[in-house]
Amino acid sequence: MSAAHGRGGMNAAHGRGGTNAAHGSGGPSAGGREAGAPDLWVVVPAYNEAVSLPGTLAALAAQEDTAFALVVVDNASTDATAEVVREFARSAPFPVELVHEPEPGAGTAADTGFRYAVAAGARLLLRTDADCLPARDWTAVARSEFGRGAELLCGRSVPRPDERPTFAEARLLPALVRLSALYGRHRAAHRGPRFRAPYVLCHGHNLGITAALYVRCGGAPRERLEEGSEDVTLLNRAREHSGRVVRVEHLVVRSSLRRLRSWGARRTLLWYWDRRYRPVDTEEVHVR
């Protein structure tokens with residue numbers, strides 16, 4: 001499959017450890033950054049997101065700081081996800097890479113994207129999801145926080161306004177999520193001398209990490225979505241290797257309510273609480 005590339009982009013589709021890969025002459029290598037290449041890369045895993053992905057791409061194109069490269073990881077989609085990326089790349093204000101990862105799982109796809117970016121010379125990494133809308137200052141805020149010395153950024157998630165959240169969806173559920181994070185801080189599994197930073201609320205669709213810490217801590221787990229919370233695992237791996245893990249309330253991403261509306265509040269909360277709810281049909285975890 002061919003790859004998409006925008007302004008200055010590299011012509012490559014690449015995976016890690018058993019993934020299909022096709023390398024163009026300008027593809028990334030272990031040699032580090034090319035002259036003038038962006039130091040900040042944004043990673044977006046995507047599985048059958050042809051409908052939602054254009055909104056995410058538009059939000060990234062509207063960033064105040066567009067001095068970054070984008071890698072979208074097509075996680076074995078069966079819809080037009082790849083075509084959406086290729087079309088966007090033709091006029092994108094930054095380099096765009098399309099990477100193909102056949103093994104299912106948000107953590108797997110994210111890890112492929114992060115490692116692709118690192119191989120291309122990225123020093124700073126950001127992740128969001130293909131149904132999310134980063135705020136216009138998202139990359140600018142992240143760059144500023146990295147400049148202050150942070151190594152892992154955990155941003156704030158708010159509902160997408162275009163989905164017209166109810167009061168409960170906009171206020172009560174986020175409050176419950178924060179309470180669960182407070183509980184998480186006191187869990188034995190999240191405490192102990194091996195951790196160099198306190199446990200904080202971390203969303204996989206709104207986090208940033210330095211390339212050095214990502215490699216040092218082992219990165220995101222390559223697992224299926226129903227197997228675990230890859231963002232919590234990455235957070236805890238990072239906390240074992242760095243004390244510069246911060247919660248950044250003004251690093252904002254607007255996330256979709258579609259899982260909540262499909263499953264209801266109870267099942268959704270149990271899902272995020274160590275996967276205590278799992279659909280019988282594993283395909284249902286990919287709410288569309």
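Helices here are DSSP runs of H or I with at least four residues, strands are runs of E with at least two, and both are numbered from the N terminus. I am working from a predicted model, in which local features need pLDDT of at least 70, side-chain atom pairs count only at pLDDT 80 or more, and totals for chains, interfaces and linings use all residues. Residues are numbered from 1 along each chain as its sequence is written, and side-chain values use heavy atoms, with hydrogens and water left out.

**Entry 1: T108**

I looked up T108 and found it in helix 3, residues 106-119. Is T108 buried or exposed? T108 is buried, because its relative accessible area is 4%; buried means under 20%, exposed over 50%, and partly exposed in between, using a 1.4 Å probe and protein chains only. I then listed its contacts (heavy atoms within 4.5 Å). Leaving out residues up to four places away in sequence, T108 touches E101, E103, P221, R222 and E223.

**Entry 2: the whole chain**

I noted nine helices and 10 strands in the protein chain. The chain has 288 residues, and 55% of them are buried. Of the contacts with a separation of 6 or more, 79% are between residues 24 or more positions apart. The accessible surface comes to about 12700 Å², and carbon and sulfur atoms hold 52% of it. Accessible areas come from the Shrake-Rupley method with a 1.4 Å probe, and for residues only the protein chains shown count as cover.

**Entry 3: helix 1 against helix 2**

I took helix 1 as residues 53-61 and helix 2 as residues 81-89. Their axes come within 10 Å and cross at roughly 25°. The axes are lines fitted to C-alpha atoms, for helices over the stretch in contact, and the angles run from 0 to 180 degrees between N-to-C directions. Helix 1 and helix 2 are therefore roughly parallel to each other; the cut-offs are under 35 degrees for roughly parallel, over 145 for roughly antiparallel, 65 to 115 for roughly perpendicular, and oblique for the rest. The crossing of helix 1 past helix 2 is right-handed, that is, the near helix is turned clockwise from the far one by less than a right angle. Which residues make the contact? On helix 1 they are L53, P54, L57 and A61, and on helix 2 they are T81, V84, V85 and F88. An α-helix has 3.6 residues a turn, so residues three or four places apart point the same way.

**Entry 4: cover of helix 2, and V84**

I counted seven buried residues among the nine of helix 2, which makes this helix mostly covered. The buried ones are T81, A82, V84, V85, R86, F88 and A89. Their cover includes helix 1, strand 3 (40-46), strand 4 (69-74) and strand 5 (96-100). I picked out V84, which counts as buried because its relative accessibility is 18%. Beyond four places in sequence, V84 touches A50, L53, P54 and L57. V84 and L57 are 27 residues apart in sequence, and their C-alpha atoms are 9.3 Å apart.

**Entry 5: V71 in strand 4**

I placed V71 in strand 4. V71 is buried, because its relative accessible area is 0%. Its contacts, again without residues up to four places away, are W41, V42, V43, V44, E97, V99, G113 and Y116. V71 and V42 are 29 residues apart in sequence and 6.2 Å apart from C-alpha to C-alpha.

**Entry 6: two positive phi angles**

I checked two loop residues. N48, in the loop between strand 3 and helix 1, is not a glycine but has a positive phi of about 50°. N48 counts as buried because its relative accessible area is 18%. A76, in the loop between strand 4 and helix 2, is also a residue other than glycine, with a positive phi near 60°. A76 is partly exposed, because its relative accessible area is 37%.

**Entry 7: N206**

I found N206 in the loop between helix 5 (167-186) and strand 9 (207-210). N206 is buried, because its relative accessible area is 0%. What does the side chain of N206 reach at 2.9 Å? It reaches the backbone oxygen of R156. With residues up to four places away left out, N206 touches R127, W138, L153, C154, G155, R156, L251, V252 and V253.

How values were computed:
A polar contact is a pair of N or O atoms within 3.5 Å; within protein, one must be able to donate a hydrogen and the other to accept it, and residues adjacent in sequence count only if both atoms are side-chain atoms.
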